[in-house]
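This report describes selected local features of one protein model. Please keep the sequence and the structure in view while reading.

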Amino acid sequence: MFEGLNREQRVAVETLKGPLIVVAGPGSGKTRVMTHRISHLIACGIAPGSILAITFTNKAADEMLRRTLLLLDHPEPPEGVPGFLEASGFGISAESPVIRTFHSFCSRILRRDLYRIEPYSGDFSIYDTTDQTQLHNEVLASLELDRTTFPARAGLSTISNWKNWMISPDEAQEKATTFRDRELVRIFRSYQQELERRNALDFDDLLLLMLRLLREHPDVLTRYRARFQHLMIDEFQDTNRPQYLIARLLSVEHRNICITGDPDQSIYSWRGANPDNFRRFQEDFPEYKTVHLNRNYRSTPQIISVASRLTSDHLGERRLYTENPDGEDVKVVEVSDERAEARKIASSVANWSAEGTPLSEIAILYRINALSRAIEEELVRNHYPYAVIGGTGFYERKEIKDILAYLRAARFPRDEVALRRIVNVPPRGIGKISFERLVDSARDRGMDLGEAIRDKEVVSAVRGKARKGLTDLVKVLDDLARLEDRPLPEQVEAAIEASGYVNHLERSEPESWQERTRNLEELVTAAAETEEILQAAATDDDDIDPLIVFLERISLVTDVSFFEERDARVSMMTLHAAKGLEFNRVVIVGVEETLIPHSRHIEGGGLDEERRLLYVGITRARHEAVLTYTTWRRRFQEREPRLPSSFLNELEGEGICFQRAGSSLGIISVEDQRSGLTERLEDPFWEDDEMQVGVWIHHDLLGRGIISATSGRGTSKRISVRFEACGEKQLVVAYAPLKVISPPDEEWEPC
DNA sequence: TGTTTTCTGTTTTTT
DNA sequence: ACAGAAAACA
């Protein structure tokens with residue numbers, strides 16, 4: 001049971017009673033400790049079902065469950081069936097520990113008990129970001145506020161912050177001083193009311209309502225306290241206030257709570273994560289014990305020593321060390337632009353692959369999703385399979401969301417977001433005006449939209465094409481609703497069929513309709529998979545609607561493991577998404593000022609978190625870490641000069657080597673590179689010609705004009721020209737009869 | 001007049 | 001690639 005564990009790890013595994021803090025650096029065997037601890041609990045006679053382990057992602061949950069079952073000599077869970085099984089199953093068996101994220105754990109409980117809180121019920125919808133944005137904008141319309149002054153992104157992030165810090169609309173109102181703040185509070189208030197009315201929960205609500213449930217219903221609290229005698233929380237540095245309070249409520253009596261985390265890897269404060277929870281924990285559970293896991297088993301000494309330069313010296317006490325053999329230096333590579341960066345990465349992949357590193361052991365990490373594009377293109381060109389993790393995920397694709405919206409609208413008439421989404425997709429003549437008319441008429445009668453579209457009088461308020469479209473839609477939805485008891489894949493297929501969606505795709509997206517249709521087929525496959533899992537867990541006492549399970553799985557389980565096949569592929573993801581993962585070789589791209597640190601966080605408290613983000617990135621690597629930065633990068637249409645990240649200065653020292661692409665492996669310090677930067681402003685890839693914005697030209701046919709924009713290079717370079725005689729035209733420089741002229745005098749007269 | 005198509009400007013991180 | 005705005009269409 002304890003073989004292969006070091007002394008500290010063993011202490012953590014053996015301490016089963018009472019509060020325990022495990023401070024675990026990257027690669028220190030934290031998951032090992034957690035899985036051993038769970039199996040040790042079970043070996044000591046604790047009922048598996050009374051163990052609740054909270055992880056940060058569903059992927060981590062699956063991994064932990066899989067490894068725990070292995071330790072327990074369980075038959076291996078079927079390949080490719082994620083621990084999601086557990087989500088629907090926790091009512092079922094006391095034979096397996098419950099390992100989930102906070103969100104899916106809460107959702108599971110709320111499915112059963114949310115009816116206790118007015119006016120909700122257990123078949124609530126979960127609103128994802130898209131749904132939230134739509135609702136936000138509906139709220140704006142009803143409050144007669146302007147979309148540009150109150151963008152959804154900003155508004156929702158403010159609302160989410162309030163919720164994470166458990167500030168009610170009333171409290172927010174008291175603190176609001178400016179006009180804008182007061183308007184935001186109004187938006188918050190009606191956003192929340194509208195969610196309630198629709199029996200819908202956003203991600204924050206999953207936590208907040210769980211907390212309310214436990215606080216307001218002592219019998220429920222007692223039940224779950226009795227049920228979960230042992231709590232474990234992973235990535236504790238990234239828990240927010242409601243999450244901590246839920247954990248405290250569940251464990252404050254038996255006090256068997258083990259938290260693991262690493263303040264140096266706290267990278268989610270923007271989502272309300274509060275490292276201060278460590279301090280609160282120490283106050284609330286003063287008899288706690290602490291274990292420090294400082295020995296790293298993952299990385300080379302070079303990687304550890306370089307990465308450690310980014311962490312604050314916690315009194316020199318918590319320093320991470322390793323006894324692994326030496327490896328290569330961490331490399332910092334300068335390249336001229338994002339295409340050169342992509343080529344450099346592709347050639348690294350080629351070399352590593354030739355040396356025998358499997359593609360699945362290579363990761364490319366970046367600060368923002370937008371950086372993946374250039375690299376993807378290069379990998380495609382070189383025929384390297386890759387998987388972009390996160391980003392626009394499968395379930396965020398338009399066609400997928402549309403079909404799911406059909407199912408939602410058919411079966412959950414209160415869920416207006418879904419109905420609004422598909423009311424005119426495919427186009428059936430119900431435009432903005434007709435729809436507004438419909439909504440008004442429904443509101444006048446105090447009806448839900450779902451009722452309204454079936455109401456004769458309301459429908460007669462709309463006329464012509466729109467009325468026909470509406471009756472067609474109602475028929476489609478009613479037909480779908482009738483399939484309630486059919487198997488899930490059949491329902492999904494029916495939704496695709498009845499909506500005429502494939503036809504619509506073919507007409508409206510001649511470029512991509514085939515791929516999108518394939519995606520829809522994948523959706524049917526996913527439905528079949530869910531159906532299968534539910535069949536396997538047929539002992540379910542809760543008898544939950546398969547469609548609800550399917551939708552929930554989709555909104556909460558966005559990990560790779562759920563959908564992607566496990567072929568050998570290069571992984572590409574953001575630094576945030578890489579948390580908790582490890583790879584033999586890691587490339588971090590775009591290590592540039594304004595990217596990491598991101599421009600929004602260069603000043604103020606956010607800077608430390610950016611530094612930790614880079615720390616997390618570097619420590620993902622076992623054998624080799626490469627950091628790249630460019631001197632030029634294309635952003636929208638413009639190419640802009642770039643500076644290396646200021647963090648690179650902090651990394652200087654033993655175990656790291658700076659090199660310029662194309663140059664021999666000479667060691668060049670950051671200062672050398674900085675001073676060399678100005679002379680390299682003429683980038684070899686930048687063909688500087690005369691056709692620049694602001695230059696006057698003469699066209700043989702169109703006459704005089706001034707260049708207002710340029711794009712592309714070489715023979716594909718295009719310019720926009722505002723002509724005196726005929727307005728703005730687009731021209732291809734290589735083919736247009738143009739010559740540069742000196743500016744007309746009148747334009748240059750000083751005013 | 002109302003609907004559909006085309007064009008333009010926009011991307012921090014995510015359960 | 002996507003959303004919102006302007007233009008084109010019925």
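A polar contact is a pair of N or O atoms within 3.5 Å; within protein, one atom must be able to donate a hydrogen and the other to accept it, and residues adjacent in sequence count only if both atoms are side-chain atoms. Such a contact joins the side chain of Glu 334 to the side chain of Tyr 629, at 3.2 Å. Glu 334 is found in strand E11 (residues 330-335). Helices (H or I, at least four residues) and strands (E, at least two) are DSSP runs, numbered from the N terminus. With a relative accessible area of 6%, Glu 334 is buried. Buried means under 20% relative accessible area, exposed over 50%, and partly exposed in between (1.4 Å probe, protein chains only).

The model is predicted: local features need pLDDT of at least 70, side-chain atom pairs count only at pLDDT 80 or more, and totals for chains, interfaces and linings use all residues. Residues are numbered from 1 along each chain as its sequence is written, chains are lettered from A and ligands numbered from 1 in the order in which they are written, and side-chain values use heavy atoms, with hydrogens and water left out.

**Helix H3**

Helix H3 (residues 58-71) has 14 residues. From its first C-alpha to its last, H3 reaches 20 Å, close to the 20 Å expected at 1.5 Å a residue; the expected span is 1.5 Å times one less than the number of residues. Which residues of H3 are buried? They are Asn 58, Ala 61, Asp 62, Met 64, Leu 65, Thr 68 and Leu 69. These residues lie on the same side of H3 because they cover an arc of only 165° around the axis, the arc being that of the directions from the helix axis to the C-beta atoms. At the start of H3, a side-chain oxygen of Thr 57 comes to within 3.0 Å of the backbone nitrogen of Ala 60. Just after H3, Asp 73 takes a positive phi of about 60°.

The axes of helix H5 (residues 102-113) and helix H10 (residues 203-216) come within 9 Å and cross at roughly 55°. H5 is therefore oblique to H10: angles under 35 degrees count as roughly parallel, over 145 as roughly antiparallel, 65 to 115 as roughly perpendicular and the rest as oblique. Axes are lines fitted to C-alpha atoms, for helices over the stretch in contact, and angles run from 0 to 180 degrees between N-to-C directions.

**Backbone features in loops**

Thr 594 is not a glycine, although its phi is positive, about 80°. Its relative accessible area of 31% makes Thr 594 partly exposed.

Is Glu 235 buried or exposed? At 8% relative accessibility, Glu 235 counts as buried. Its place is in the loop between strand E6 (230-233) and helix H12 (241-251), and its phi is near 50°, a positive value in a residue other than glycine.

Arg 635 lies in strand E17 (residues 632-635) and, at 47% relative accessibility, counts as partly exposed. Arg 635 and Ala 370 are 265 residues apart in sequence, and 9.6 Å apart in space from C-alpha to C-alpha.
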